[in-house]
Amino acid sequence: MNNHPIRESFQKGLVFAIIVIFMMMTGFHLIAATLASKAFGVYVLRGSVPDVRFMGYIHILFGFWAGWSASSKTGRTSTRIFQGLAAGLITGAFVALFDLLLNFLILSGTDIREYLSALSIESMDYFLLNLRQMGILAHLGIYTATGLIGSALAVFLRSEPVQHRWQNLKSSISNFTTRINETLPPFILKFGKYLIYLVLLAVLVILPTKWGSYINFVIGLVGLYVIAGIGLNIVVGLSGQLVLGYAAFFAMGAYSVGLLNAPEPHNLMWGFWPAIVVAVLMAIAAAVVLGVPIMRLRGDYLAIVTLGFGEIIRILLKSDTLTNFTGGPRGLNDIHGPTLFGKPFTSDIDYVYLIFAFVALSIFIYNRLQDSRTGRAWLAIKEDPIAAQATGINLQKYKLLALIIGAAFAGLVGGISAARNQFTGPNDHSLMVSINVLSLVIVGGVNSIPGIIFGAFTLKGLPEILREVENYRQLAFGALLIIMMLMRPDGLWPSSRPKMEKGDYSQNGENITNDGGKNA
C-alpha cells in the first residue's frame with residue numbers, strides 16, 4: 001500500500017476534525033443538534049437544549065461523511081475501506097485531543113465566555129455527550145466506527161453490480177416514459193405543456209390561501225429574489241459582467257415608489273401602478289448613468305466600480321443633507337400599496353399573487369431574450385469579447401443593454417418590496433443585498449431558471465424558516481459557496497445550454513455522440 005491514499009485519508013480526517021472543532025467553538029453544535037431534533041419530529045423551545053442523543057447523531061453524521069469522502073472511487077476494495085477507517089480514526093483522534101482541553105477547562109472552572117462568548121460549561125459538556133472524560137473515548141470510537149461504515153457503504157454503492165442495476169433502472173424508467181409518450185393521443189402531445197401550465201396555475205392560486213401569513217411572507221420574499229436573480233443573471237450569466245452594486249438599482253426602485261406614494265416627505269400619492277413604472281425607469285436611468293462611462297471595464301475593475309456606485313447611493317440616501325428629500329436615515333414610512341379594480345392589497349396573499357405574476361413575466365422575458373439574437377450576442381461577448389467584436393457585435397451597446405435590463409428587474413423588485421413592507425430605508429439596500437442575489441445565482445446555477453429558484457429558496461427561504469441559524473447566516477453563506485465550488489461548481493441545477501453546445505464534429509459536419517453513433 002503506497003503512502004498516497006494514507007496521506008489523503010489523513011488530510012480528509014484533519015479537515016473534518018477542524019470543521020467539528022470550529023462548529024463547537026462557535027456554538028453551532030447546539031444549533032445543529034436542534035435542527036437534527038426537528039428532522040426527527042422533536043421540536044425544542046427556542047433557547048432550550050435538545051436531548052443529547054441528537055448531538056450524538058451529529059457526530060455520527062460527520063464520521064460517516066469523513067469515511068465516505070475519503071474512500072476512493074477506484075482501486076482495491078481493502079484500500080478504499082482502509083481509507084475511510086483511517087479518516088474516521090484521524091478525525092476522532094483530533095477531536096479527542098480537543099476533548100482533553102475541554103475537560104481541563106471544565107474541571108478548572110475557567111470562564112471560557114471571556115474568550116468565546118458562545119461557549120459555556122453546559123455547552124462544552126453537551127459536546128462531550130454529558131460523559132465528561134468518557135466522552136473522549138466515545139468520540140474516538142464513534143468517528144472510527146462511522147468512518148469505517150461510511151467507506152464500506154461507499155464501496156458497495158460504487159461497485160459495478162450496483163451501478164449496473166442503477167443504469168438498468170434508469171433505462172427502464174426512460175423506456176417506460178417513452179412508451180407512455182407513444183401511446184398518448186396527438187392532442188395531449190400537442191397541448192400537454194399548456195395543460196401542465198394550467199394545473200400549475202391552479203396550484204399557485206390555491207396554495208397561498210392554505211398557507212399561513214408567515215409562509216406567504218417567506219414565499220413572497222423568495223419570489224422577489226427570484227426576479228432579482230433573473231435580472232442579475234442577464235448581467236452576470238449572459239453578458240459576463242460582474243456587478244456588485246446591484247442594490248443601487250433596488251434603491252432606485254424602492255425610493256421611487258416610496259417618494260411618490262408615501263405621505264412624507266412630499267405627499268404626492270401618485271398610486272402604486274404609476275409609481276412602479278417610474279421605479280423601473282429610474283433604475284434604467286441609473287444604469288445608463290453608471291454604464292456609459294464604464295462599459296470598457298471588465299472583471300475586477302468593473303466589480304469595484306459598481307460596488308462603489310452602490311455604496312455611494314446608500315450613503316447619499318442615509319445622509320442628513322437629503323433628509324428633507326429622501327427621509328434620511330429614518331427612511332420612508334407608510335408607503336401605500338397597489339389597488340386593483342378598487343380593491344387595495346391588504347394581505348400577504350394579495351402580494352404573493354402579484355409576485356407570482358411578475359415572476360412568470362420575468363421568466364417569459366428571460367427565455368425570450370436568451371433565445372434571441374441579443375441573447376446569443378451576450379453569450380458570445382461572455383465567451384470571447386475579441387472574437388465577438390470581430391464578428392461585428394458592438395460590445396458597449398450589448399453590455400449596456402444587459403445592464404439596463406438587469407437594472408429594470410431590480411427596480412421592479414425594489415418598488416414591490418417597498419410597497420409590500422410599507423417601508424424602505426438606506427439599510428435595506430446595503431452591499432449584502434447585492435451579495436445575496438449574486439450568491440443565489442451562483443449556488444442555484446448560472447443561466448438556469450430552476451437553479452435561480454432553488455438558489456433563492458436555499459439562501460432566502462430556508463434561513464427565514466429555520467430561524468435558529470439566523471445568527472450564523474454569514475457563516476452559512478461562506479460555507480455553502482465553498483461547498484458548491486468544490487462539489488457542484490455548476491450550481492444546484494446547472495443550465496443545460498452548455499451541454500447542448502458541446503460535442504465533437506467530424507469533417508463532414510456530422511455530430512459524433514459519446515456512444516459512437518452519428519446524428520446528422
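At roughly what angle do the axes of helix α9 and helix α17 cross, and within what distance do they come? The axes of α9 (residues 213–238) and α17 (residues 395–421) come within 6 Å and cross at roughly 165°.

This is a predicted model, in which local features need pLDDT of at least 70, side-chain atom pairs count only at pLDDT 80 or more, and totals for chains, interfaces and linings use all residues. Residues are numbered from 1 along each chain as its sequence is written, and side-chain values use heavy atoms, with hydrogens and water left out.

## Overall picture

The chain has 21 helices and seven strands. Helices (H or I, at least four residues) and strands (E, at least two) are DSSP runs, numbered from the N terminus. The C-alpha trace spans about 70 × 70 × 50 Å along its principal axes. Of the 520 residues in the chain, 42% are buried. Buried means under 20% relative accessible area, exposed over 50%, and partly exposed in between (1.4 Å probe, protein chains only). Contact means heavy atoms within 4.5 Å. Among contacts between residues at least 6 apart in sequence, 74% join residues at least 24 apart.

## Helices α9 and α17

Two packed helices are described by the angle between their axes and the distance between the axes. Axes here are lines fitted to C-alpha atoms, for helices over the stretch in contact, with angles from 0 to 180 degrees between N-to-C directions. Helices α9 and α17 are roughly antiparallel to each other. The cut-offs are under 35 degrees for roughly parallel, over 145 for roughly antiparallel and 65 to 115 for roughly perpendicular, with the rest oblique. The crossing of α9 and α17 is left-handed. Residues of α9 in the contact include Phe217, Leu221, Leu224 and Ile234; those of α17 include Leu403, Phe409, Leu412 and Arg420. By class, the contact has 16 nonpolar, six polar and one charged residues. Ala, Val, Leu, Ile, Met, Phe, Trp, Tyr, Cys and Pro count as nonpolar, Asp, Glu, Lys and Arg as charged, and the others, Gly among them, as polar.

Gly229 also sits in α9. Gly229 is buried, at 0% relative accessible area. Leaving aside neighbours within four places in sequence, Gly229 is in contact with Val437, Leu440, Val441 and Ile452. Its C-alpha atom is separated by 22 Å from that of Ile312, 83 residues apart along the chain.

## Helix α4 and Asn103

Asn103 lies in helix α4 (residues 77–108). Asn103 is buried, with a relative accessible area of 5%. Not counting residues up to four places away in sequence, Asn103 touches Leu128, Arg132, Gln133 and Ile136.

## Aromatic pairs

Rings of Phe, Tyr and Trp (its six-membered ring) pair if their centres lie within 6.5 Å; planes under 30 degrees apart count as stacked, over 60 as edge-to-face and the rest as tilted. The count comes to 14 aromatic pairs. Two of them are tabulated.

| Pair | Centres | Planes | Class |
|---|---|---|---|
| Phe62 and Trp65 | 6.1 Å | 35° | tilted |
| Phe98 and Phe127 | 6.2 Å | 85° | edge-to-face |

Phe62 and Trp65 both lie in helix α3 (residues 52–70), three residues apart, about one turn of the helix. Phe62 is buried at 11% relative accessibility, whereas Trp65 is partly exposed at 36%. Phe98 lies in α4 and Phe127 in helix α5 (residues 121–127), so this pair ties together parts 29 residues apart in sequence. Both Phe98 and Phe127 are buried. Ring pairs also link Tyr246, Phe249, Phe250 and Phe309 into a cluster.

Key. A crossing is left-handed if the near helix is turned anticlockwise from the far one by less than a right angle, and right-handed if clockwise.
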